[in-house]
Amino acid sequence: MSDPKLHLIKLSVGSESVDSLIEWQAEKRTDWPEGLPRHVTRMWPRREEELLQGGSIFWVVQGLVQCRQRILRLDEVIGSDGIRRCAIVLEPEVIRTTTAPKRPFQGWRYLKPEDAPVDLPKTRQSEDTLPPDLSAALADIGLL
């Protein structure tokens with residue numbers, strides 16, 4: 001895979017942890033075409049070509065960026081209201097990243113690769129996560 005040109009960052013509303021995000025996606029898998037996780041949004045990314053060159057969606061869970069999923073494609077979805085929306089289709093693997101504090105925002109935002117948290121080593125992927133308040137405090141002082 002080539003170096004990503006651009007990523008997205010999005011709040012994982014309702015997720016209490018990375019594990020709860022993974023569990024929710026597993027429960028929804030049968031509802032999605034091809035069983036691939038997706039996030040449906042009103043706005044279509046204008047920088048689609050850059051996102052599809054290896055970009056990921058970075059998930060903010062409890063005020064901290066904690067994980068990412070690679071973006072596979074963008075699909076058009078027409079809602080029951082007849083409005084065109086964008087389904088961001090994701091790779092099922094959730095990759096844990098170093099934590100970084102992020103204030104709440106609406107929708108999604110573009111994230112430059114140089115500003116994205118780095119992936120945790122595979123040996124740390126299965127470690128228990130720190131409580132969100134402790135992770136935030138450690139990130140604030142530059143230890144995470």
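**The nonpolar core and the aromatic rings**

Modeller: In this predicted model, the largest nonpolar core has 16 residues, of which Leu8, Ile57, Trp59, Cys67, Ile71, Ile88 and Leu90 touch the most other members.

Colleague: Which helix and strands each supply at least two residues of this core?

Modeller: They are helix H1 (18-28) and the strands E3 (56-61), E4 (64-78) and E5 (84-90).

Colleague: And what is Leu8 in contact with, leaving aside its neighbours within four places in sequence?

Modeller: Its contacts include Leu51, Ile57, Ile71 and Ile88. Trp108, Tyr110 and Leu111 are also among them.

Colleague: How many residues are in the second, separate core?

Modeller: That core has 8 residues, including Leu11, Phe58, Leu111 and Ala116.

Colleague: Let us turn to the rings. How many aromatic pairs does the structure hold?

Modeller: There are 2 aromatic pairs. One joins Trp24 and Trp32: the ring centres are 5.8 Å apart and the planes are at 65 degrees, so this pair is edge-to-face.

Colleague: Is Trp32 buried or exposed?

Modeller: Trp32 is buried, at 10% relative accessible area, whereas Trp24 is partly exposed, at 44%.

Colleague: Why is the pair of Trp108 and Tyr110 edge-to-face?

Modeller: Their planes stand at 70 degrees, and over 60 counts as edge-to-face. The ring centres of Trp108 and Tyr110 are 5.1 Å apart. Trp108 is buried, with a relative accessible area of 13%, and Tyr110 is partly exposed, with 29%.

Colleague: Which charged end sits over the ring of Tyr110?

Modeller: That of Arg47, 5.1 Å from the ring centre. Elsewhere, Arg84 lies over the face of Trp44, 4.4 Å from the centre of that ring.

Technical notes:
Residues are numbered from 1 along each chain as its sequence is written. This is a predicted model: local features need pLDDT of at least 70, side-chain atom pairs count only at pLDDT 80 or more; totals for chains, interfaces and linings use all residues. Side-chain values use heavy atoms; hydrogens and water are left out. Rings of Phe, Tyr and Trp (its six-membered ring) pair if their centres lie within 6.5 Å; planes under 30 degrees apart count as stacked, over 60 as edge-to-face and the rest as tilted. Buried means under 20% relative accessible area, exposed over 50%, partly exposed in between (1.4 Å probe, protein chains only). A charge sits over a ring if NZ of Lys or CZ of Arg is within 6 Å of the ring centre and within 35 degrees of the ring normal. A nonpolar core is a set of buried Ala, Val, Leu, Ile, Met, Phe, Trp, Tyr and Cys residues joined through side-chain atoms within 4.5 Å. Helices (H or I, at least four residues) and strands (E, at least two) are DSSP runs, numbered from the N terminus. Contact means heavy atoms within 4.5 Å.
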